Amino acid sequence: MSELQTVENMVSITIDGKEYKAKEGEYILNAARANDIFIPAICYLTRCSPTLACRICLVEADGKQVYSCNAKVKEGMEITVDTPDILAERRAMMEVYDVNHPLQCGVCDQSGECELQNYTLELGVDSQSYSIPDTKRESTDWSSVLHYDAGLCIVCERCTTVCKDMIGDAAIKTTKRGGEALDKSWKDNMPKDAYAMWNKLQKSVIAPSNGTQNTDCSDCGECVAVCPVGALVSKDFVYTTNAWDLKKIPATCAHCSSGCQIYYETKPTSIEDRTEKIFRVTNEWNYVSLCGAGRFGYDFENKTATKDETKFRNALDAFNQAKVINFNSLITNEEAMMLQTLKDKMGFKLINREARAFQRFLTLYTKASGNSLYSLDFKEVMATDFVMSVGTSLRNDNPNARYAFNNVQKMNKGAGLYFHPVGDTLVPTFGKTVETFIHKAGHEEAALLLIIKLFADADKLPSSVKDQLDRDLVATLGGDTAKFEKSFEKMMKKKETFSLMVGEDLYFHENAENLAKLIAVLEACSDVKVAMIPPRTNSLGVALICDLDDEAEGYTIGYNESGDFRISALGDGDLDMPAMNQQEGTLTNMHKRVTPTNAALDYNGYELNDIMNALECGERETISWTLKLPTVKGFKAVEFDSLENHYSNDGVEHRGYLLETTSVDVDEVNVENFDDSNVLEGDIAYRCNPQRQFNDFSDKAHQIFEGFGLYASPARAEALGSKVEVEFDSKTITFDVIVDDRMEGDIVAIPDFKSAENVYELFGESRFKSVIIREV
Ligand code: SF4
Ligand code: SF4
Ligand code: FES
């Protein structure tokens with residue numbers, strides 16, 4: 001049962017004689033944590049399945065010993081955290097964990113924040129009762145970012161669990177290591193749970209699931225984050241610093257619209273060079289999961305910026321003669337507010353392609369649904385038990401959307417429907433009841449119509465939609481109707497909560513209006529609720545704050561984009577701006593939440609607010625603009641310094657605030673007829689980034705390696721050769737061909753993460769484009 005269903009129902013329990021409230025159906029461990037009570041636990045991860053690998057979370061519940069991470073609370077349950085037997089078990093477990101654990105705490109990367117150290121001390125382990133000859137366990141690099149030291153591994157399986165249940169790659173598994181067998185006499189001479197745990201520990205080690213030395217995964221680094229000891233560490237971080245030397249700066253990741261909670265961890269570069277440097281990014285991994293860009297793509301700061309007065313005067317001249325500001329969504333809400341102020345005061349046209357497409361779509365949705373914002377956030381998607389996805393490349397567009405789709409399958413005994421023109425071999429592996437439709441580019445309306453047919457109350461539907469449901473939509477989408485009907489029946493068993501995620505393909509679609517109306521109809525006539533993926537980092541914030549233009553001509557200021565005068569946080573402009581890790585401000589993420597981010601690194605140049613002040617429309621400082629964000633669009637008039645940025649022990653997010661959704665009156669929705677002949681023919685290119693690249697900043701980071709090129713399925717890549725020419729309407733470009741092992745079919749993907757390549761211009765108002773591809 002999902003969290004959405006249980007949240008209202010509380011039960012009373014007692015822990016160590018004191019009464020507490022807990023969510024019905026909650027595990028004892030989580031109920032205790034929510035009430036700030038400590039129960040030792042190593043292997044359990046909230047949001048993932050209990051694996052019972054460590055067994056240390058033993059408690060007594062109504063007189064019986066249970067594992068608190070997989071026993072659920074019941075009304076009136078009496079729980080005792082420590083009994084003499086349980087304390088003996090826990091002590092024996094910690095002694096066992098310490099057997100043959102290398103004594104290298106002095107240099108270990110985890111030292112100071114190691115759970116093995118902490119629990120050994122917490123449980124007062126001051127002597128060792130157990131021993132066994134050790135077997136050599138090698139250190140190895142699993143990928144360009146993952147380093148695994150098997151000697152330090154305590155086989156708690158947190159890494160394998162997060163990779164399967166949250167990330168969906170299932171790229172690592174527990175495997176045999178050939179350790180010496182335990183002497184049978186231990187079985188009768190030591191606490192039984194400690195024996196069972198030791199037996200497994202002695203036999204096991206972690207390895208890539210594909211049988212090779214390499215993980216071949218999305219390199220998200222969540223396995224590194226959750227590892228309680230120094231066994232899994234980022235390759236770059238190994239032996240670079242002690243954890244206690246690092247300063248934690250709470251921030252918001254700015255690579256995509258997930259806007260995940262992160263800490264930039266910094267300290268001076270070296271003894272000689274006292275410049276602050278980011279050594280790693282960490283996260284509250286029990287409540288938020290990062291992707292590879294968020295974790296490893298952090299060194300994108302604008303290092304060389306100085307206050308060059310000549311450049312600043314040139315910038316003012318440029319602003320005084322400019323007609324247009326061309327920018328993208330990698331800016332804060334405060335900066336967006338400044339640009340809107342410039343428009344109001346100086347009449348600039350504001351061009352931001354991706355935010356404009358999303359803004360148009362949101363407006364169309366509001367007109368049809370009466371709601372200023374989409375219904376669900378992605379945590380609520382995670383709590384449903386039937387999830388669908390239309391109009392987004394789930395593996396590449398947004399990690400949180402993909403994790404939510406996967407997690408629903410793993411945790412809620414869920415089902416999933418995935419509609420997309422580009423085949424992907426990863427999505428079907430998320431669960432046994434995932435059905436995929438690899439449909440034609442241009443058939444997105446058919447996907448929404450099918451969902452309406454499957455879930456809506458036909459009596460409530462407007463006639464313009466009802467009339468379109470007689471056709472065989474499954475066949476239109478490339479499926480087998482009889483087969484699908486059978487599997488859909490199975491998928492629907494015991495399902496109660498339904499979600500649909502939609503993405504950028506719909507915003508950049510020639511029938512966007514019809515698609516927005518279909519989404520509104522679906523929500524109005526069924527139990528399915530919708531979450532939208534904003535195209536880039538702060539597209540939602542920009543779409544709400546700025547009055548964006550469709551076209552503009554004349555002298556242009558480019559902000560991290562092309563222009564006659566370029567202000568840039570990339571260090572390549574006519575005037576420098578601070579990068580996201582060098583500035584304070586807020587971002588609006590896809591969960592409809594306005595979250596604060598802080599400066600982790602020094603910045604010595606000018607900021608946009610300095611230009612605003614020189615143009616006589618500035619504020620005292622950048623964060624003075626936080627108070628000025630438009631309340632009519634759902635923002636709140638709160639001071640930046642009062643915004644929190646953390647999670648509490650019950651998993652509640654205390655990060656900034658949620659946008660308010662407002663309502664407007666709507667008339668009956670009139671949906672146009674879907675024309676199934678409206679499809680792209682010939683070679684088709686899809687504007688889509690590889691999974692760890694989002695923008696120029698991820699590209700600048702030294703640990704993100706995915707290149708700019710034409711991505712193709714293995715079969716298509718073989719047919720194309722190593723280099724191709726792609727002819728667009730306006731121009732022909734040569735690309736290296738890069739194989740994407742998980743892609744299927746003939747559509748090729750062309751990334752937009754490098755702004756200098758102007759890929760948005762090549763694709764125009766669509767994400768799919770008919771092109772001519774020639775081998776070079
Ligand atoms: S590598 Fe770390 S997280 Fe994985 S099993 Fe070993 S100790 Fe646990
Ligand atoms: S980096 Fe991410 S995808 Fe790769 S093994 Fe670790 S958790 Fe799994
Ligand atoms: S935390 Fe419950 S068995 Fe490990």
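1. Which residue's side chain meets that of Glu 653 in a salt bridge? The partner is Arg 655, at 3.1 Å from N to O. A salt bridge here is a side-chain nitrogen of Lys or Arg within 4 Å of a carboxyl oxygen of Asp or Glu, and the count by this rule comes to 42. Both Arg 655 and Glu 653 are buried (buried: under 20% relative accessible area; exposed: over 50%; partly exposed: in between; 1.4 Å probe, protein chains only).

2. On conventions: this is a predicted model, in which local features need pLDDT of at least 70 and side-chain atom pairs count only at pLDDT 80 or more, while totals for chains, interfaces and linings use all residues. Residues are numbered from 1 along each chain as its sequence is written, chains are lettered from A and ligands numbered from 1 in the order in which they are written, and side-chain values use heavy atoms, with hydrogens and water left out.

3. Glu 706 and Arg 692 form a salt bridge, with the closest N and O atoms 3.9 Å apart. Glu 706 sits in the loop between α23 (696-700) and β31 (710-712) and Arg 692 in the loop between β30 (683-687) and α23, so the pair ties together parts 14 residues apart in sequence. Helices (H or I, at least four residues) and strands (E, at least two) are DSSP runs, numbered from the N terminus. Glu 706 and Arg 692 are both buried.

4. In the salt bridge between Arg 774 and Glu 727, the closest N and O atoms are 2.9 Å apart. This pair links distant parts of the chain, 47 residues apart: Arg 774 is in strand β36 (residues 768-775) and Glu 727 in strand β32 (residues 723-727). Arg 774 is partly exposed at 33% relative accessible area, and Glu 727 is partly exposed at 29%.

5. A network of salt bridges links Glu 113, Lys 248, Glu 265 and Arg 280.

6. Helix α15 (residues 444-455) has 12 residues and reaches 17 Å from first to last C-alpha, close to the 16 Å expected at 1.5 Å a residue; the expected span is 1.5 Å times one less than the number of residues. Among the buried ones are Glu 444, Glu 445 and Phe 455.

7. Most residues other than glycine have a negative phi. Asp 36, not a glycine, has a positive phi of about 60°; its place is the loop between α2 (28-34) and β3 (58-61), and Asp 36 is exposed at 61% relative accessible area. Asn 100 also has a positive phi of about 60° without being a glycine. Asn 100 lies in the loop between α3 (84-98) and α4 (115-122) and is partly exposed at 28%.
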